[in-house]
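Let us walk through this structure step by step, following contacts between side chains from one part of the chain to another.

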Amino acid sequence: MKVIEVILPIPLKQSFYYTIPEKYQDKEIKYRRVSVPFGSRVLVGYAVSVIEDYHPVETIKLKEFISVIDKIDVLSDEVIELAKWLAQTYLCSEGEAMSVIVPASLKAPKRNTKQKNKEIKIFNPNFTMTEHQKNAFEKISEAIASDKNENFLIHGVTGSGKTEVYLRSIQTAIDRNKSSIFLLPEQFISILNKRFGDIVALWHSEVTTIQKYKIFNSILTGDIKIVVGARSAVFLPFKNLGLIIVDEEHENTYKQNNKPSYDTKEIALWRAKYNNAVVVFGSATPSIETYHNTMLGKYKLLEMPDRIDNKALPEIQLISLKDIKTSFSVFSKPMLAAIKTALARREQVIIFLNRRGYSPSIVCKNCDTVIQCPDCSVAMVYHKNPEHLECHYCGRQLRFPLKCPECGNSEYRVIGVATQRVEQDLKALFPHTKIFRLDRDSVTSKKVYTDVYEGIKNEEYSILLGTQMVTKGFDFPRVSLVCVVDADTSLYLPDFHSSERTFQLITQVAGRCGRADIKGKVLVQTRYPDNYALKFCREYGYDKFYEQEIEYRKELFYPPFCNVAKVTVRNKDNNKCLVFVETLYKFIEREMMELNYAVYLLGPSQSYIARLNNTYRWQIILKGKRAEIKEVLENVSAKIKLPPETYINMELDPSDLL
């Protein structure tokens, strides 16, 4: 009997077999997506092989598959091997892994559009690279030309010219008829179009499923040789892959939180090894784990310590809020004076606060009750224009309460500040100054984001105020001042990444100013000016920060000295959730003893947000060797039966422990 072997995107670790309808007997099926009956449902599956002489179990009657979805092969030997590796590494089935590599949602266009000849531009740079740029480029270029797998980290300060090294490295790959993947936390494709023409495509969540299919097809035919995009672009099916660039590699957006919870950087390394290609990580503030790998010799370190034309890095000044009463409750006198001076010189200012809304919470003036989200154990954030309360975790919105739910009082205090409040104060202080607020409330599409970029570049705005969005990739020559309103928002969170994230955020936003001929200055307001992360920020002392942080990590046994897993249990009933998580903890403890594994357990404890979407959450943290943690958690999946309405999520090397 002739059948096809199909992998389905479900959490079952097995293949399924279907007979072939008469009309598909002589058609190409292998390596394409197929629609198949599965119980009462119809699913999209992946045909990984055709078996000519299949001997079924007598009691099992095989069903016919329904249809072949693709006219081209969307799978390959590499895709199948990668899916197996993903399943082995990230606690998922091969089908779940396959669904992130080749999404089931990809749609072929109804009409076949004629492919136009892609224009490849000839690149003639008209400027000379710095010695550090030249050194980095030559080493990467040699590696690409050698057809051997090598991995690099460019540790370059903001403004040191990392992008130019990336672009010339891509050109080297093109010259050798190789393709490139360029991963960015935020995407600006115009610079690549200008440099390389029509062989560039953009890949992110706002690209439609039909557009993605066209890109997929153009990659397979060789018409597209460069893709710039977000983390899922790392899976695109280039047949002659030569280079993968992971810019701003420290960003936690490269970690997928949903199952399978993969790390984009690990996928890049796997694909580069499979294809004898080159990986280039780049950052002014590399993650501790990545930098540690250069110390171990796993990656080659390429230092770029100076800005282009030896421009000075901006001076960073810490302003202690311990004893300062601010005139507008947002800006200290030194910060306010610096903003006035910059504007008087017709220079631009970036103001950074990583909290959107008007105020993080409102409190009853009479009984001090904080208005909380009905479904989450967090305060509702107060928003203006339109006025409402919003939960930034579940998205629920409520009208501003007329009366306190506890005492009936109608007067409230707003506690703390967020971007809308800062914007209000700026408009009161500088009524004739054009200000743009850049946060998730004001940016509703990529177009708005791009328009803001162009608006600041063309000096339509004098002040750019925003959340973490303002730290990424902006290069504005007229920005002379960066003001960090509150450096403490992530400093003491109960997560071992908190100091590292604070150091990275402050250093990255500081790098947005003083990039042209105007000298830059950065003012940072904090209640903890003696904190080591902030002190080393002031000195641009990444090496010193790394040395201090790596000692803490070693002492407390955290990555890179171990791997970590987070097991989260959820149930709408808190008592049931607690009972099960305690049972689970005891099971894991027994498993470790029986296997004689040195895996350390923390917990069980309530998650940082104890209740989310009306569901209680408890967690267990495991620390140890990845293989041992993985085996223990696989035993949990195989042996533990979940009580009704109880859910469990197991994540290896999560982006946070909150």
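Predicted model: local features only at pLDDT ≥ 70, side-chain atom pairs only at ≥ 80, totals over all residues.

Arg-527 counts as partly exposed because its relative accessibility is 39%, whereas Asp-486, with a relative accessible area of 9%, is buried.

That bridge belongs to a count of 33 salt bridges. Among them is the one between Glu-651 and Lys-255, whose closest N and O atoms are 3.9 Å apart. This pair links distant parts of the chain, since Glu-651 is in strand 27 (residues 647-652) and Lys-255 is in the loop between strand 10 (241-247) and helix 7 (264-275), 396 residues apart; both Glu-651 and Lys-255 are buried. Another salt bridge joins Arg-356 to Glu-390, with 3.4 Å between the closest N and O atoms. Here Arg-356 sits in the loop between strand 14 (348-352) and strand 15 (361-364), and Glu-390 sits in strand 17 (residues 388-390), 34 residues apart. Arg-356 is buried, at a relative accessible area of 12%, and Glu-390 counts as buried too, at 8% relative accessibility. Elsewhere, salt bridges link Glu-289, Glu-500, Glu-549 and Arg-553 in a network.

A search of the whole structure finds 24 aromatic pairs. One of these pairs is formed by Phe-496 and Tyr-558, which are stacked at 4.7 Å centre to centre with 15° between the planes. Because Phe-496 lies in the loop between strand 22 (479-484) and helix 12 (498-510) and Tyr-558 in the loop between helix 14 and strand 24 (563-571), the pair ties together parts 62 residues apart in sequence. Phe-496 counts as buried at 13% relative accessibility, and Tyr-558 is buried with a relative accessible area of 16%. A tilted pair is formed by Phe-503 and Tyr-542, at 6.1 Å centre to centre and 55° between the planes, and this pair links helix 12, which holds Phe-503, with helix 14, which holds Tyr-542. Phe-503 and Tyr-542 also belong to a cluster linked by ring pairs, including Tyr-291 and Tyr-552.

Definitions and conventions. Residues numbered from 1 in each chain as written. Heavy atoms only, no water. Phe/Tyr/Trp six-rings, centres within 6.5 Å; stacked < 30°, edge-to-face > 60°. Helix = DSSP H or I, 4+ residues; strand = E, 2+ residues; numbered from the N terminus. Buried < 20%, exposed > 50% of the residue type's maximum accessible area, 1.4 Å probe, protein only. Salt bridge = Lys/Arg side-chain N within 4 Å of Asp/Glu carboxyl O.
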